[in-house]
Amino acid sequence: RPCREARALPPGKDGVIRTTLSGGLQDFCQGLLDRRVADLSGKGVENAALLVADHRTGEVLAYVVSGNGDAALPAGAIDAVAARRQPGSALKPFVYALALERGWTDGTVIADEPLSARVGRGVHAYHNYSRAYYGPVTLREALGNSLNIPAVKAVRFVGVAAFLSSLKRLGFKGLDKDPGRYGDGIALGNAEVSLFDLVQAYCVLARLGERLPLRIRADAPGAAAERVLSGEACRTIGSILSDPVAREREFGSGNVLEFPVETAVKTGTSSDYRDSWAIGYDCRYAAGVWMGSLSRSPMRRVTGCIGPGLVLRAVFAELTRDGDTRPLPPPREPPASASKAAPRAAGKKAPSPPAARLAILRPSPGLTMAEDPRIPDRFEFYDFTLSGASPADAIAWTIDGRVIRSKGKTYSWQVKKGSHTVSAALVKNGRVAARTREVTFQVR
C-alpha cells in the first residue's frame, strides 16, 4: 500500500512512481501508528508521524502519518513527517557532540544547579523535568538523563551561533532566525524542526559524522556523503544514548527505552506537551516518531516515553526480528565515566573540565521584579546567585556600594524598591581572585 506522500511524487518518464519504501514495513508501521493514536486519543493525541530509514544507504523504508485522515479537515492535508514542530530534548545530542569536538569528554563535570536567564524584562528559571537538581554530573549522566541545566551550560560553552550553524550543516531547514532570537533555549528545543530532518540528523550520528541525504525516490541520483561531525564525538554520543545505566536517575531501570538489541535512543517533549518524540538508531536503521496535534492543542502529559517510545520499540523489534544485528561502534578511547566500559589505563587522565567563569546568574542584567504585597517586607528575600563559586568560597558582594561578605555562591538579599546594582568578588588568601561585572536591576 503506497503512502499518501509517495503518491504525491511526480511519476517517472514511464508514468510509474518508484520509491525506496518497503511495502511490508510500510503496512506494519501504518497499522502500529494508527492503533497507538487511537489508544491515546483520550489524552489529546490527534496526529502522529513515523519515519524509518536505512542509514547505510539513505533510503527511506517507511513514511507514515496517522490521525485526522479526512482530507477535508485542515490537518488532513498536512504532511506530519515534514511539518516543523518543537523537538524538546531531541536536539541535545548535537549540543554535546559539538562540545565533545571542542574538548569536553564524557567525563566532563557539569553542575546541575538552579539556573535563571533574562527573558525580556523578566527572568526564566530553568529546571529539569523531575524538578530535581543532582549537583555535579558528568556529560554522560547529563545527556543520558536529558538534564536541562547542563544542556544550557553546554550550549553556552559552544555558543548559540556555532550550534545553529552546526544544525544547518546537519541538514535542518527553516532555522533562519538570528541566534539571539533562539538564545540558550535552542538546546532545549525552542526551534522548530521536522521529523524528516531530525531522523536524517540522527543518521549522521549513526554514520559516525557523515551526512548522506535521505531519499524516497528509487530513481533519484545518489548524493555524496559529507562529513559534518567528528567520528569520535558520534561514537561517544551513541555509547551514551545506548547506555541504560546512564539514564537511570530520571528514567529508572527497566524502562521502555531499553531495547533488546543495542540501540541509541533519545526522547523529547516540548512545552505544555504539544509535541512528543522518540528517535533511535542501531547498526543499520534509524527511525523517529512524533505525536501531538497539528492544531497545536496540548496533549495530557504524553511524554516521549509514554507515546512515541512504545511505537519506536515495536518498530525496532520488527526491524531486527530476522536481521543480522551488531552492537554500535564503541568509542576508540575508553569513556572516562562509562558504566559499561573499563577504567582508563594507568597514567592516562581525562582532560580537566573547563573552569567556570565567576558570573552573576541572578539577577540578570536589566531585570525588573515586583514586590509581593502578600509578604511583609521584612520577610521578602531574593537569592543572588553566582556561577564559578563553590560552597566554601569567600565572596564579597557589593550591593548599592555597600560591601557584604558571605560564603558560597548565593546570598539572600532583603528586597527593597528602587534601582539597584550588584557585583561580586571571589576572595582567596585575602586577595581578589576573580570579579564579576556589575549588574543593574529594579524592584517595583
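This is a predicted model: local features need pLDDT of at least 70, side-chain atom pairs count only at pLDDT 80 or more; totals for chains, interfaces and linings use all residues.

Modeller: Residues are numbered from 1 along each chain as its sequence is written, and side-chain values use heavy atoms, with hydrogens and water left out.

Biologist: How many helices and strands does the protein have?

Modeller: Helices (H or I, at least four residues) and strands (E, at least two) are DSSP runs, numbered from the N terminus. Counted in this way, the secondary structure comes to 11 helices and 22 strands.

Biologist: What percentage of the residues in the protein is buried?

Modeller: Buried means under 20% relative accessible area, exposed means over 50%, and partly exposed lies in between, with a 1.4 Å probe and protein chains only. The protein has 444 residues, and the buried share of them is 51%.

Biologist: Are helices α2 and α11 roughly parallel or roughly antiparallel to each other?

Modeller: Two packed helices are described by the angle between their axes and the distance between the axes. Axes are lines fitted to C-alpha atoms, for helices over the stretch in contact, and angles run from 0 to 180 degrees between N-to-C directions; under 35 degrees counts as roughly parallel, over 145 as roughly antiparallel, 65 to 115 as roughly perpendicular and the rest as oblique. Helix α2 (residues 23-39) and helix α11 (residues 305-319) pack at about 155°, with axes 11 Å apart. The two helices are therefore roughly antiparallel.

Biologist: How many residues of the contact of α2 with α11 are nonpolar?

Modeller: Contact means heavy atoms within 4.5 Å, and the residues that make this one include F28 and R36 of α2 and L310 and E318 of α11. Ala, Val, Leu, Ile, Met, Phe, Trp, Tyr, Cys and Pro count as nonpolar, Asp, Glu, Lys and Arg as charged, and the others, Gly among them, as polar. Besides two charged residues and one polar residue, the contact of α2 with α11 has 11 that are nonpolar.

Biologist: How many residues of strand β12 are buried?

Modeller: In β12 (residues 275-281), D275, W277, I279 and Y281 point one way, while S276, A278 and G280 point the other way, and all are buried. The strand is mostly covered, and the count of its buried residues is seven of seven.

Biologist: How many bridges join β12 to β13?

Modeller: Two strands pair if DSSP finds at least two bridges between them. Strand β11 (residues 264-269) pairs with β12 in the antiparallel sense over six bridges, and T267 has A278 of β12 as its bridge partner. On to β13 (residues 285-292): β12 and β13 form a hairpin with three residues between them, and these antiparallel strands are joined by bridges numbering seven.

Biologist: Which strands stand at the edges of the open sheet that holds β14 and β19?

Modeller: Three strands form this open sheet in the order β14-β16-β19, with antiparallel pairing. Each edge strand has a single partner strand, so one side of it is left without a neighbour in the sheet; the edge strands are β14 (359-362) and β19 (410-414).

Biologist: Is P331 buried or exposed?

Modeller: P331 lies in the loop between α11 and β14. Leaving aside neighbours within four places in sequence, P331 is in contact with E232, R235, T236 and S239, and the C-alpha atoms of P331 and S239 are 7.2 Å apart although 92 residues separate them in sequence. Because its relative accessibility is 13%, P331 counts as buried.
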